[in-house]
Amino acid sequence: MRNITYRDAVREALIEALERDPRVFLMGEDVGRYGGAYACSKGLLEKFGEERIRDTPLSESGFVGAGIGAALGGMRPIVEIMTINFSLLALDQIVNNAATLRHMSGGQLSVPIVIRMATGAGRQLAAQHSHSFECWYAHVPGLRVVAPATVADARGMLATALREPDPVIIFEHATLYNDEGQVAAEGALAVDLDKAATRRSGRDATVVTYGGSLKKALAAAETLAAEGISCEVIDLRILRPLDDAAVMASVRRTHRAVIVDEGWRSGSLAAEISARIMEQAFYDLDAPVARVCSAEVPIPYPRHLEIAATPQPETIVAAVKGVLRR
């Protein structure tokens, strides 16, 4: 095993994909000369040239649409969008074209495009750069939506995503790029895109989360363990399709569930998971499902307000104690 950063894991995965398949190319704002908004593609322009590392104008709809066209033409484009807020400018291309063309063509067309983007708060980038709209994309049939929360998943998910015949969106939480973690030294590094992962085993409550909230959930579980409360932490990893079986199996063991989601509570992914638990495991519950979500305000710029507006280990601890009536 070796220790690398999340940023280097993404960069390694890009290099591997570019070396393995000549149809793969990377496209997006500042991915070439600047090296990417989060430096994930630093040095790739010099290594692979302008044909395969393409800087684009500030036109998300334009370059995502070009990526969809390239995918229809047999290429394997990786499109990088700087931040999830900007992806809304390409929503028509993603939802009305990439997600629908297989269905609308009776299976004659496929769009094997991978779209990567940063998401989430925690870096004082204010409201237009810090939101969590993953649930909007997870709402759409025709898209596969993933959120690597660990360095190993950041290293392995891209390879698996490029094998998919249909569009895959990868959400990389902006606070994770400097985090370090272990990956295998060699061999097959691709990871499963169908299964959630149990990151910590426990018996008293299940904490379900994904992406940047995973480390907060694990920190909360550590705090609770010191008080004799044992939490199982489920990392969803795949937001569409959800791995219901993993969540239900855990809830049936612990009988209590807390969902941690950096999105807003109303219409959130947490709401969807909560509803599924009610539908599939209601009689296994000893307490109502609890949700820890962001406050329903645009994410603030001031550090103390940004912290107050988003899920934190302390609020997760309080929610777990709430379902345990402690």
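Visitor: Is Glu 227 buried, partly exposed or exposed, and at what relative accessibility?
Guide: The classes are buried (under 20% relative accessible area), exposed (over 50%) and partly exposed in between, with a 1.4 Å probe and protein chains only. The model is predicted, so that local features need pLDDT of at least 70 and side-chain atom pairs count only at pLDDT 80 or more, whereas totals for chains, interfaces and linings use all residues. Residues are numbered from 1 along each chain as its sequence is written, and side-chain values use heavy atoms, with hydrogens and water left out. Glu 227 counts as partly exposed, its relative accessibility being 43%.

Visitor: With which residue does Glu 227 form a salt bridge?
Guide: A salt bridge requires a side-chain nitrogen of Lys or Arg within 4 Å of a carboxyl oxygen of Asp or Glu. For Glu 227 the closest N and O atoms are 2.8 Å apart, and the partner is Lys 321.

Visitor: How many residues apart are Glu 227 and Lys 321, and where does each lie?
Guide: Elements are DSSP runs numbered from the N terminus, helices being H or I of at least four residues and strands E of at least two. Glu 227 and Lys 321 form a salt bridge. Glu 227 belongs to the loop between helix H9 (214–226) and strand S11 (231–235) and Lys 321 to helix H13 (residues 313–323), so that the pair links distant parts of the chain, at a separation of 94 residues.

Visitor: What is the relative accessible area of Lys 321?
Guide: Glu 227, the partner in the salt bridge, is partly exposed. Lys 321 is likewise partly exposed, with a relative accessible area of 23%.

Visitor: How many of the 12 residues of helix H8 are buried?
Guide: Helix H8 spans residues 151–162 and is largely enclosed by the rest of the structure. Its buried residues include Val 151, Asp 153, Arg 155, Met 157 and Leu 162. The count of buried residues in helix H8 is 11.

Visitor: Which residue meets Glu 19 in a salt bridge?
Guide: Glu 19 is exposed, at 53% relative accessibility. The N to O distance in its salt bridge is 3.6 Å, and the partner is Lys 47. The pair links distant parts of the chain, 28 residues apart, Glu 19 being in helix H1 and its partner in helix H2 (residues 44–48), namely Lys 47.

Visitor: Which residues does a cis peptide bond join?
Guide: Most residues other than glycine have a negative phi, and most peptide bonds are trans. Pro 241 is placed in the loop between S12 and helix H10 (244–254). With omega about 0 degrees, the cis bond joins Arg 240 and Pro 241.

Visitor: What is the phi of Ala 39?
Guide: Ala 39 sits in the loop between strand S2 (24–28) and H2. Its relative accessible area of 26% makes it partly exposed. Although Ala 39 is not a glycine, its phi is positive, at about 65 degrees.

Visitor: What is the phi of Ala 126?
Guide: Ala 126 is found in the loop between strand S5 (114–119) and H7. At 23% relative accessibility, Ala 126 counts as partly exposed. Ala 126 is not a glycine, yet has a positive phi of about 70 degrees.

Visitor: How far apart in space are Arg 303 and Ala 126?
Guide: Arg 303 lies in helix H12 (residues 303–309) and is partly exposed at 41% relative accessibility. In sequence, Arg 303 and Ala 126 are 177 residues apart, whereas their C-alpha to C-alpha distance in space is 9.6 Å.
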